Amino acid sequence: MRWKNTSFVICVNLIGTLLAFPTNEPDGRAICGACHPIKENFTNVHLIPHTHDDVGWLKTVDQYFYGKDNDIQVAGVQYIIDSVVEELAKNPDRRFIYVETAFLKQWWDNQGEATRAKMRGLIETGQLELISGAWSMHDEAVTHYHSIIDQFTYGLRTIDEMFDGLSCAKPKIGWQIDPFGHARETASILAQMGFDGLFFARLDKDDRARRIKDREMEFVWKASPNLGESSDLFTHAFYKHYSAPDGFCFDLVHCTRDDPIITDTRSPDYNVPERVKAFMDFVDSRKDTYQTENMLVTMGDDFTYQQAASWFDNIDRLIKHVNAEQENGSKINLIYSTPSCYLQAVHAADKVWKSKSDDFFPYADGDHSYWTGYYTSRPTLKFMERKGNNLLQVCKQLSVLADLRQEKWQDLDSLQEAMGVMQHHDAITGTEKQHVAEDYALMLHKAMLDCLETSNTALNKLSAKSVEVPKVEYKSCLLSNVSQCELSENNVNFVVTLYNPLAQETSSYVRLPVQNFKHKVYFNGSEIPTQMIKIPTPVFSIPYRTSTAEQELLFVATIPPLGFRSFYITKTTEESPVPEPVADDQKFTLSNNKLELNFDPLTGLAASLNLKSENFNYPEFNQNFFYYKGSGGNILNGQTSGAYIFRPDGDDPTPISSQAEIETFKGEIVQETHQKFSDWVSQVVRVYTDAEYVEFEWQIGPIPADRNDPENPGKEVITKYSIPAMQTQELFHTDSNGRESIERKRNFRPTWELDLKEPVAGNYHPVTTFISTRDGRSEFGIVTDRAQGGTSMQDGTLELMLHRRLMYDDARGVGESLNETFDGNEGMIARGRHLMYLELLTSSPTPVAKKRRWSRDQMNLAPWTFVSGTELTEEEWMQNYAVNYKGIDLEVPENINILTLEPINKGEDILVRFEHFYEANDDPVLSLESFAPTQHLTERFGHEKVFMETTLGGNKWKSDTSRMKFKIEGDQEIATGDAEFNPVDNVEMYETNNVVMKPMQMRTFIVRNDSGSLAASVLVLLFSTFIANFIA
């Protein structure tokens, strides 16, 4: 590793623990006890004691932790950890793994030093292994990579803080045993965190059957075509599930029908011979499924080990008596193990492995049971989570830029923890019970308010021109999506401050609900253009909207990178009537100088699309709303449509309406058409003056549904965008966790022959941020504001599911129908936005990738709006407060983003993460290798700062980290040599104060505040080491 100041190289290895920095053993692999030995020419059965503790599902997070409301589910996580720690201490041979850091931290905070020391000792001896390390076991379909990385970073840092940077405590295995399908990007992220392998349970039933037959349940996942070997990850799929083998669940709470192993020969219930034979028969039935002499068997299930003695005592007996059969010629060897020990044994076998380069979506566990409904379930919660991520990035950045250190620290932790919980595979998925969903929303809301307090503190610090000026209340309008904001509606004078979390300058269209008076907007002393626009009539009927505003004030704002601008707004005494729609002869066209969208005068529906800037026209363009009837089961199969499962009653969706009532409003900034399709479906279609996209803002609900009325079934509402002239060869693309794109093909799977019994549900895929399709001439795509399910059922057509209300439970455990209501009767209303882009592919270079990326950023990392009432004049405001702030001192290249800027160590240090967010073949210029500036990027990145690179999770020094390397069939390098450990690559710092960024690469650094404090810490350690050696 090359450093700008080489004097710090020695320091890094010495001070990690003292400063709560990442620490590693010299080879990057902690030596934590020893794995139990395996035997050659035996089937070595690795028994993995574990518990799967959902961070909310049938009960809330706290109900699960404390063991409350056991009439719903008997589960108390605090007792699981208590019991496991006690039982592990009784026998050094025993092993256990634990996953959910959210629960572990809650337990840890309630323990005394003696119990903490006992747990630490168990980790050091390898009896207890922490796996994955994230705050929760995240879903992989509907989560965004920002939030995945954040919740891993926070969880891994929490583990470091609990165990003082203990290397043995650092997870190195991914354990994703319950998510409902698996994303390629998640595998790439785990590889970049330095993980050796990934273990999971759920994959499509036909994929599983084929893999079992061909012995491909283990493989190397090539998780990124852009990053190559650095994102390869060894992957193990369980034979069936993550529970114990049938008959061998020894849990006194959850498995009361499974017999214990009774070893007293005097007892009439003595059963050792039959229990041993049953287990050996089980091993024999599965031992040939995997490639090596090692077989992994999970011993646990959901919330097991509340009375851990029943498990460990029986596993002790099982191991003893099965292994005793080796004297009789048995070739079965049972050992306590962990995923790390299992992987070590598999790696040592030095096999050549098959590879996989697509993903594991969609997932089906039956011919009529596709788990594709949860891609959309609870759309309002999915949107709230996405806004939570947006705000979290703002809060973290402002904390660094304002150098808050200890100020408002708990407020920042609050949102990080809530967002970590929200990534759980029964949270953001919408597959939890209703009261749990409400608890999630309340938790997230409170945490967002906490984080807004942090932002308020930071903005005051950054904007005040002197310490004497009064504090400003920088508040947010969290109901702006229903055009409600008390501050803009009720203040005569107010200031709007927009913070841009992107590393490049951005423009934003600012919309604020106001009363019916004219308003003037000023920036830096000059008035800027505005437009008043009518709030859509259906918004007025949203039951929880209390605003009386009938129109919105609209203006355009340009905001510097990682900076803010403040706009002074004053309400005049001149009334402003609600804008009237344009005359009928003008209402069927929306246009700017780049594009034109036309509506059919007879139906009010979109009819054609014209790229004016390219002189290119699609004479037929369609967009409309439909619904699938949610199946209640039928005579052929009882599978219903529910929170998890999408099963439509019929393959052809029903149109909401064949026509729409429309009215159109036009001004200098935006032209928009308001469409009403029914009493519960409406939409606004917008074309902004300088925009290269068309915005569709949809409003769905309350969805009419009645279980007792066959004519009013549960409904799954979709929108379709269609350009029939496009011949797309059954192909379309979706994103993987908001990052790289994956090609999809209708009625096809890359790794097995597909026989679809559900042609619609089986073609749905997760859409985290975008879906697109292309032919030889053009690409058109949709960018979403939240995760949704999507597909392309016909060439040139993109379909997205917006909302679901269903009358039946789908029998996957939640025990409730997906019937969200506002007041116990009326269904929930969802509002959201799509950005539609169309771009020619014949121009060179084509700007399609740039347009797609810009649109996604506008959705996911939009400027955050703060509103402050004031009695000051504009001149007085400018005298007291900065109205323009740029947080970045250097220009960041257009293809580089600052993914993370976060205070750590109570604000003493900074974690910064850069990303190149173009793929290798996206753009001839933007896809090239680029540079991220480091020194002097912000005021806190001066020459005295030291950048130290870590793995993606921020908990291991990259220079000291190595990963297991596995031979891959077809690779050129496998002819000779053993499987080995690969150092993590690209560990370089440059004298130019730049770091090289390759397409799709992410690089993470810890920034020390100054050399003095670092040197002082090193001197303390050096002196202590000298004294210790002298005494010795």
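Thr769 counts as buried, because its relative accessibility is 0% and buried means under 20% relative accessible area, whereas exposed means over 50% and partly exposed lies in between, as computed with a 1.4 Å probe on protein chains only. The model is a predicted one, in which local features need pLDDT of at least 70 and side-chain atom pairs count only at pLDDT 80 or more, while totals for chains, interfaces and linings use all residues. Residues are numbered from 1 along each chain as its sequence is written, and side-chain values use heavy atoms, with hydrogens and water left out.

Thr769 lies in the loop between β34 (765-767) and β35 (770-774), where strands (E, at least two residues) and helices (H or I, at least four residues) are DSSP runs numbered from the N terminus. The side chain of Thr769 is joined to that of Arg856 by a polar contact of 3.1 Å; a polar contact is a pair of N or O atoms within 3.5 Å, of which, within protein, one must be able to donate a hydrogen and the other to accept it, and residues adjacent in sequence count only if both atoms are side-chain atoms. When neighbours within four places in sequence are left aside, the residues in contact with Thr769 include His144, Arg386, Asp735, Arg856 and Asn860, contact being defined as heavy atoms within 4.5 Å.

Strand β35 belongs to an open sheet of 9 strands, which follow the order β27-β28-β29-β30-β39-β36-β35-β32-β33 with antiparallel pairing; two strands pair if DSSP finds at least two bridges between them. The edges of this sheet are formed by β27 (661-666) and β33 (741-745), each of which pairs on one side only. On average, and with direction ignored, neighbouring strands of the sheet are turned by 20 degrees against each other, where axes are lines fitted to C-alpha atoms, for helices over the stretch in contact, and angles run from 0 to 180 degrees between N-to-C directions. Within the sheet, β35 and strand β32 (residues 731-735) pair in the antiparallel sense over 2 bridges, and His733 stands opposite Ser772 of β35.

Strand β28 (residues 670-678) has 8 of its 9 residues buried, so this strand is largely enclosed by the rest of the structure. On one hand, β28 pairs with β27 in the antiparallel sense over 6 bridges, with Lys676 of β28 as the bridge partner of Glu661, and the two strands form a hairpin with 3 residues between them. On the other hand, β28 pairs with strand β29 (residues 681-688), again antiparallel, over 8 bridges; here Gln675 stands opposite Gln683 in β29, and 2 residues separate the strands of the hairpin.

A further open sheet consists of 4 strands in the order β42-β43-β50-β45, with antiparallel pairing. Strands β42 (896-904) and β45 (946-950) stand at its edges with a single partner strand each, so one side of each is left without a neighbour in the sheet. Neighbouring strands of this sheet are turned by 25 degrees against each other on average, direction ignored. Strand β43 (residues 909-916) and strand β50 (residues 1002-1008) pair over 6 bridges in the antiparallel sense, and Val912 has Phe1005 of β50 as its bridge partner. Two helices pack on this sheet: helix α6 (residues 145-162) touches β42, β43 and β50, with its direction at about 150 degrees to that of β43, and helix α12 (residues 379-401) touches β42 and β43, with its direction at about 65 degrees to that of β42.

Helix α3 (residues 77-88) packs against helix α10 (residues 308-324) at an angle of about 35 degrees, with the axes 9 Å apart. The contact is made by Ser83, Val84, Glu87 and Leu88 of α3 together with Ala308, Ala309 and Phe312 of α10.

The peptide bond from Phe361 to Pro362 is cis, with omega near -10 degrees, and Pro362 is placed in the loop between β11 (355-356) and β12 (364-366). Gly701 and Pro702 are likewise joined by a cis peptide bond, with omega about -5 degrees. Asn41, found in the loop between α1 (9-15) and β1 (43-52), has a phi near 65 degrees, a positive value in a residue other than glycine, and counts as exposed at 55% relative accessibility.
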